[in-house]
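Hi everyone, thanks for coming. Please have a look at the protein on the screen, and I'll walk you through a few places in it.

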Amino acid sequence: MKITIVGAGAIGLLWGSHLSQHHSVHFWTRDNTSSLNITVQPLPSQPDTPPSAPCTFDFVANQSAWVEQADCVLVTVKAFQVLEALQAVQPYLAAHTPVVIMHNGMGTHEAVSALLPHQPLLYATTAQAALRPDRHQLHHTGLGQTWLGALNAEGAAYSPLASVFDRALAPCQWHDDIFQPLWQKLAINCAINPLTAIHQCRNGELAHPDFDATLSQICEEVAAVMNAEGYPTNATQLRTQVDTVIQTTAQNFSSMHQDVSHHRTTEIDYITGYLIARAQAHQLTVPTNAQLWQQVKQLEQHTHDA
Ligand SMILES: NC(=O)C1=CN([C@@H]2O[C@H](COP(=O)(O)OP(=O)(O)OC[C@H]3O[C@@H](n4cnc5c(N)ncnc54)[C@H](OP(=O)(O)O)[C@@H]3O)[C@@H](O)[C@H]2O)C=CC1
Ligand SMILES: CC(C)(CO)C(=O)C(=O)O
């Protein structure tokens, strides 16, 4: 297959390096470079073993003909960058090319559907993790489940893409209602991301009893909104999932912590902000999440890239 990846950041390069083992991968970036050279540090094959040898990759970039011929376009930018990134490739997109959008948070789908009403559209959410310390290096830092599913009827015809993604970087599974795993990931991000950004701590520090009551309140509020949205859950279930992620990613700095500490725009409007918007639509109040949203927005006032 010919795959164009829009956004050569940590997640785009991670998927690009793995997909390129069986497919032709081309990147679309927001500079005008015609190639990308990247060294990828893979995860150790077993925990507590020495890291595997790094691999280098050379990718073609920013060729409109590649977008025109793509069998799949994968968009791996931050939620607030999705629309602008799609507008950049839209002039070259063939009508039948499936577009897969992979980001944390929710709330881009209405604008994406309005921009590309007849395109096969799919969303993905991943628990894989990667860090890009500079433009030429990528570290694969965590393994996790990826879910893929359709946003519209045209996208539903592309369920075999889940096998393509699974072969590249397992596990990836198809979901008939992609909003279900998107909400599950949103719940985890609502709990971990704002608190780690505000307290400038690693994910694992949220296991301290000081955070217990706040985490429970966040989960109560998220569960109420998920139930109203038609995704049955309860606060105890969500809290168990959140505690598991706190433990398994204990050494990580969350993406929101990193964005705040590097004075970058965060995805708060698509994480807690989306929760608040959906709560309002159901006449629910989410005071703990609303306060966290406000605190992160205050921290965001110091961004350099806004
Ligand atoms: N990193 C991780 O471990 C994980 C990330 N995610 C999610 O995946 C998404 C991507 O994250 P991540 O890769 O870390 O973020 P990065 O900031 O590393 O990557 C985003 C990339 O998109 C590029 N970009 C922005 N706008 C455009 C545009 N208009 N056209 C082309 N490229 C553009 C940026 O360019 P430039 O380099 O010029 O800024 C950047 O390289 C986020 O929603 C994140 O929350 C999910 C799971 C794990
Ligand atoms: C799951 C979690 C919290 C892992 O760090 C994440 O997705 C993020 O940092 O954005």
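How many salt bridges does a search of the whole structure find? The search finds seven, where a salt bridge is a side-chain nitrogen of Lys or Arg within 4 Å of a carboxyl oxygen of Asp or Glu. Before I show you some of them, a word on the ground rules: this is a predicted model, in which local features need pLDDT of at least 70 and side-chain atom pairs count only at pLDDT 80 or more, while totals for chains, interfaces and linings use all residues. Residues are numbered from 1 along each chain as its sequence is written, chains are lettered from A and ligands numbered from 1 in the order in which they are written, and side-chain values use heavy atoms, with hydrogens and water left out.

Let's start with Lys78 and Asp259, whose closest N and O atoms are 3.0 Å apart in their salt bridge. Lys78 sits in the loop between E5 and H3 and Asp259 in helix H10 (residues 255–261), so this pair ties together parts that are 181 residues apart in sequence. When I say helix or strand, I mean DSSP runs numbered from the N terminus: helices are H or I with at least four residues, strands are E with at least two. Are these two partners buried or exposed? Lys78 is partly exposed at 25% relative accessibility, whereas Asp259 is buried at 1%. Here buried means under 20% relative accessible area, exposed means over 50%, and partly exposed is in between, using a 1.4 Å probe and protein chains only.

Next, please find Asp212 and Arg239, another salt bridge with its closest N and O atoms 3.0 Å apart. Asp212 is in helix H8 and Arg239 in helix H9, 27 residues apart, and the pair links distant parts of the chain. Asp212 is partly exposed at 39% relative accessibility, while Arg239 is buried at 15%. What does Arg239 touch, leaving aside its neighbours within four places in sequence? Arg239 is in contact, meaning heavy atoms within 4.5 Å, with Asp212, Leu215, Ser216 and Cys219.

An α-helix has 3.6 residues a turn, so residues three or four places apart point the same way. Glu300 is buried at 11%, and Lys297 is partly exposed at 24%.

Now let's zoom out to the domains. The protein is divided into domain 1 (2–176) and domain 2 (180–300), with bounds that come from an automatic or database domain assignment. Their contact takes 16 residues from domain 1 and 16 residues from domain 2. Together they bury about 1500 Å², of which carbon and sulfur atoms give 65%; buried area is the accessible area (1.4 Å probe) that two parts lose on being put together, summed over both. On the domain 1 side, Phe80, Asn104 and Met106 lose the most area to domain 2, together 44% of what that side buries. Between the two domains there is one salt bridge.

Staying with loops, look at Thr76, between strand E5 (72–75) and helix H3 (82–89). Thr76 is buried at 10% relative accessibility. Not counting residues up to four places away in sequence, Thr76 touches Ile5, Val6, Gly7, Ile11, Gly12 and Met102. A polar atom of its side chain lies 2.9 Å from the backbone oxygen of Gly7.

Most residues other than glycine have a negative phi, and most peptide bonds are trans. Asn62, though not a glycine, has a positive phi of about 60 degrees; Asn62 lies in the loop between strand E4 (55–61) and helix H2 (64–68) and is buried at 16%. Gln283 also has a positive phi, about 55 degrees. Gln283 is in the loop between H11 and H12 and is exposed at 72%. Finally, a cis peptide bond joins Ala170 and Pro171, with omega about -5 degrees. You'll find Pro171 in the loop between helix H6 (161–168) and strand E11 (172–174).

How values were computed. Polar contact = N/O pair within 3.5 Å; in protein donor to acceptor, adjacent residues only side chain to side chain.
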